[in-house]
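Subject: Structure for your review

Dear colleague,

Please find below the structure I am handing over to you, together with its sequence. My findings follow directly after it.

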Amino acid sequence: MKILSIQSSVAYGHVGNSAAVFPLQRLGHEVWPVLTVHFSNHTGYGAWRGPLLAPADVAEVIAGIADRGVLGDADAVLSGYQGDPAMGAVILDAVEQVKAANPAAVYCCDPVMGDTGRGMFVRPGIPEFLRDTVVPRADIITPNHFELDFLAGGATGTLAEVLAAVDAVRATGPRHVLVTSVLHGDVPEGSLEVVAVSDEGAWAVTTPLLPISPNGGGDVTAALYLAHLRTTGSPATALERTIGSVFAVLQATLAAGTREIQLVAAQDAIAAPPASFTARRVR
């Protein structure tokens with residue numbers, strides 16, 4: 001595939017495009033990374049340097065790609081954290097251009113807003129912008145459990161409630177939904193679930209809950225799920241391969257005792273996803 005990935009970038013570490021591009025390339029896909037920021041490191045450190053790129057400058061980069069006459073070659077657009085509605089508008093315009101040139105192309109949006117225990121960590125107004133404007137335009141979304149609850153407008157505590165919330169969000173536009181970090185009443189202690197839902201049904205994978213929460217894991221997950229879903233056409237297979245790879249990366253990160261995810265060290269598990277988990281059909 002050829003993927004237009006519009007995300008942040010860091011020189012040190014792995015978040016945004018610095019987490020998504022390498023795994024996609026390791027799977028053999030061509031990636032056109034467009035940067036929305038270029039920081040020294042991710043903001044989780046509390047201090048960073050580097051420019052926040054203006055939406056107009058990002059639009060210029062995309063226009064330059066369009067000048068090459070290649071937007072019709074793009075199979076997908078991928079986006080993550082959107083720190084400003086103006087940047088979101090640039091991304092949606094890029095999606096419109098790509099789909100006009102290639103109607104078969106898809107838009108995968110990771111609606112980054114917040115997380116359980118941390119609450120919302122984006123600027124006021126961004127969650128509503130994502131819910132009301134961006135998510136309805138996406139074909140694939142990859143929220144975590146906290147973000148799903150916001151998008152659906154209520155808390156979910158059972159698998160049935162999670163699936164109902166996914167259905168409510170799918171009714172607004174996106175056909176494929178991957179929900180990460182799912183915790184409900186039937187999940188065993190010390191575990192969490194990842195749930196994939198499409199028109200064909202719903203599947204879940206249960207994984208051990210590792211004692212780490214590094215930045216960038218969601219960015220890798222969204223990129224890998226997009227890639228595997230588009231190449232296999234199977235949400236269940238995409239779920240198994242994505243979680244197999246991501247869990248291996250997190251295990252390597254835990255073993256290394258590092259704050260940054262070990263993408264390079266665990267690259268073989270990205271190129272050849274281990275069959276570590278089996279998706280079970282839940283609907």
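Asp132 is partly exposed, because its relative accessibility of 48% falls between the limits of 20% and 50%. The model is a predicted one, and in it Asp132 forms a salt bridge with Arg131, with 2.8 Å between the closest N and O atoms. Arg131 also counts as partly exposed, at 29% relative accessibility.

A search of the whole structure finds 9 salt bridges. Another of them pairs Arg170 with Asp199, where the closest N and O atoms are 2.4 Å apart. This pair links distant parts of the chain: Arg170 belongs to helix 6 (residues 159–170), while Asp199 sits in the loop between strand 9 and strand 10, 29 residues apart. Arg170 is buried, with a relative accessible area of 8%, whereas Asp199 counts as exposed at 54%.

A further salt bridge joins Glu193 to Arg280, with the closest N and O atoms 2.6 Å apart. Glu193 lies in strand 9 and Arg280 in strand 11, so the pair ties together parts that are 87 residues apart in sequence. Here Glu193 is buried, with a relative accessible area of 1%, and Arg280 is partly exposed at 34%. Salt bridges that share partners also join Arg170, Arg175 and Asp199 into one network.

Strands of a sheet pair through backbone hydrogen bonds, in either a parallel or an antiparallel manner.

Both kinds of pairing can be illustrated. Strand 3 and strand 4 run parallel and are joined by 4 bridges; in this pair, Val77 stands opposite Tyr107 of strand 4. Strand 9 (residues 191–198) and strand 10 (residues 201–208) run antiparallel and are joined by 8 bridges, with Ser191 standing opposite Pro208 in strand 10.

Which residues of helix 1 are buried? They are Asn17, Ser18, Ala19, Ala20, Val21, Pro23 and Leu24. Since these make up 7 of the 10 residues of helix 1 (residues 17–26), the helix is largely enclosed by the rest of the structure. The elements covering the buried residues include strand 1, strand 2, strand 3, helix 7 (217–232) and helix 9. Just after helix 1, Gly28 takes a positive phi of about 95°.

A positive phi also occurs at Ser181, a residue other than glycine, where the value is near 55°. Ser181 is found in strand 8 (residues 176–182) and is partly exposed, with a relative accessible area of 34%.

Two points remain, concerning a loop residue and an annotation. Thr258 lies in the loop between helix 8 (235–256) and helix 9 (267–271) and is partly exposed, with a relative accessible area of 33%. The side chain of Thr258 reaches the backbone oxygen of Glu260 at 2.9 Å. The C-alpha atoms of Thr258 and Ile212 are separated by 9.8 Å, although the two residues are 46 apart along the chain.

As for the annotation, the unreviewed UniProt entry records "domain: Pyridoxamine kinase/Phosphomethylpyrimidine kinase" over residues 93–257. Over residues 93–257 the chain is 46% helix and 20% strand, and the end C-alpha atoms are 41 Å apart.

Yours sincerely

Notes:
Residues are numbered from 1 along each chain as its sequence is written. This is a predicted model: local features need pLDDT of at least 70, side-chain atom pairs count only at pLDDT 80 or more; totals for chains, interfaces and linings use all residues. Side-chain values use heavy atoms; hydrogens and water are left out. Buried means under 20% relative accessible area, exposed over 50%, partly exposed in between (1.4 Å probe, protein chains only). UniProt positions are given in the numbering used here, feature names are shortened, and annotations may be inferred rather than shown by experiment. A polar contact is a pair of N or O atoms within 3.5 Å; within protein, one must be able to donate a hydrogen and the other to accept it, and residues adjacent in sequence count only if both atoms are side-chain atoms. Two strands pair if DSSP finds at least two bridges between them. A salt bridge is a side-chain nitrogen of Lys or Arg within 4 Å of a carboxyl oxygen of Asp or Glu. Contact means heavy atoms within 4.5 Å.
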